[in-house]
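Welcome! Please take a look at the sequence and the model below, and then we can walk through a pocket, a sheet and an aromatic pair together.

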Amino acid sequence: MPAARPITVYNSSISGHCHRVRLFLSLLDQPFETVEVDLRAGEQRRPEFLRRNAFGQVPVIEDGEVTLADSNAILLYLNERYASDPARWMPRDALGAARVQRWLSVAAGPLAQGPSMARVIVLFGLATDPSDVIARSHNLLRVMEVELAQQPFLAGDSVTLADIANYSYVAHVPEGNVSLEPYSQVRQWLRRIEALPGFVPMAASPIGLAA
């Protein structure tokens with residue numbers, strides 16, 4: 001059932017965390033509107049934003065009386081609230097749910113500390129040696145490559161929240177000087193996500209290997 005009025009997404013167009021929320025809303029055919037938060041200007045640290053999320057991070061959604069932060073938490077909320085078949089995106093059996101949760105943890109851990117951080121270093125011009133971050137990115141991509149050789153999606157034979165949570169930063173990791181060329185299974189997985197009805201891309205940044 002669609003929301004009574006469009007969901008508001010406090011968004012940054014350069015954030016993969018925000019893109020995963022917009023992507024899932026689009027896949028659910030759920031109306032939403034965005035309010036751009038200028039991360040470069042520090043708008044996420046201003047008092048009016050901190051009242052929505054004390055951690056000073058995007059995305060945040062407002063859905064009627066509900067204000068919710070954290071992209072993975074938002075995905076879970078949207079699935080339970082608005083998906084016509086929530087079990088499609090988050091299996092109801094114990095093992096299936098655990099497999100999805102494993103990749104949600106990856107999105108909050110190795111993905112954030114590898115591909116996401118590699119891109120941030122280039123995007124914001126940080127004076128940081130990227131060697132360790134690039135190495136962590138390749139470590140994650142090698143794991144994904146092996147697992148995706150055995151099944152079409154991260155948590156099994158069908159698309160789930162695991163894929164939505166991990167797609168954006170993997171798709172844009174060349175912007176952080178990490179090549180996807182050695183990972184044919186990962187590239188095929190990206191194309192499967194991009195073929196989903198309702199898919200919306202994240203804006204590319206002409207930086208790193210994508211320049």
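## The pocket and its lining

The lining of the largest pocket is made up of 13 nonpolar, ten polar and three charged residues. Here Ala, Val, Leu, Ile, Met, Phe, Trp, Tyr, Cys and Pro count as nonpolar, Asp, Glu, Lys and Arg as charged, and the others, Gly among them, as polar. This is a predicted model, in which local features need pLDDT of at least 70 and side-chain atom pairs pLDDT 80 or more, while totals for chains, interfaces and linings use all residues. Residues are numbered from 1 along each chain as its sequence is written, and side-chain values use heavy atoms, with hydrogens and water left out.

The volume of the largest pocket is about 660 Å³. Of its 26 lining residues, Ser15, His17, Gln57, Val58 and Tyr169 are the closest to the centre. Two or more lining residues come from each of helix 1 (16–27), helix 3 (71–82), helix 5 (94–108) and helix 6 (110–123), and helix 6 gives the most, with seven residues.

A pocket is an open set of points on a 1 Å grid over the protein atoms alone, where a 1.4 Å probe fits, with protein on both sides within 12 Å along at least five of seven lines; lining residues have an atom within 4 Å of a point. Grid points are joined across faces, edges and corners, and the volume is the space filled by probe spheres set on them. Helices (H or I, at least four residues) and strands (E, at least two) are DSSP runs, numbered from the N terminus.

Four strands form an open sheet in the order 2-1-3-4, with mixed pairing; strands pair if DSSP finds at least two bridges between them. At the edges are strand 2 (32–36) and strand 4 (66–69), each of which pairs on one side only.

Strand 1 (residues 7–11) and strand 3 (residues 60–63) run antiparallel and are joined by three bridges, with Tyr10 opposite Val60. Strand 3 also pairs with strand 4 in the antiparallel sense, over four bridges, and Asp63 has Val66 as its bridge partner. The hairpin of strand 3 and strand 4 has two residues between the strands, and Gly64 takes a positive phi near 65 degrees there.

## An aromatic link

Three aromatic pairs are found in the whole structure (ring centres of Phe, Tyr or Trp, with its six-membered ring, within 6.5 Å; planes under 30 degrees apart are stacked, over 60 edge-to-face, the rest tilted). The ring centres of Tyr10 and Phe49 are 6.4 Å apart and the planes are at 70 degrees, so this pair is edge-to-face. Because Tyr10 lies in strand 1 and Phe49 in helix 2 (residues 47–50), the pair ties together parts that are 39 residues apart in sequence.
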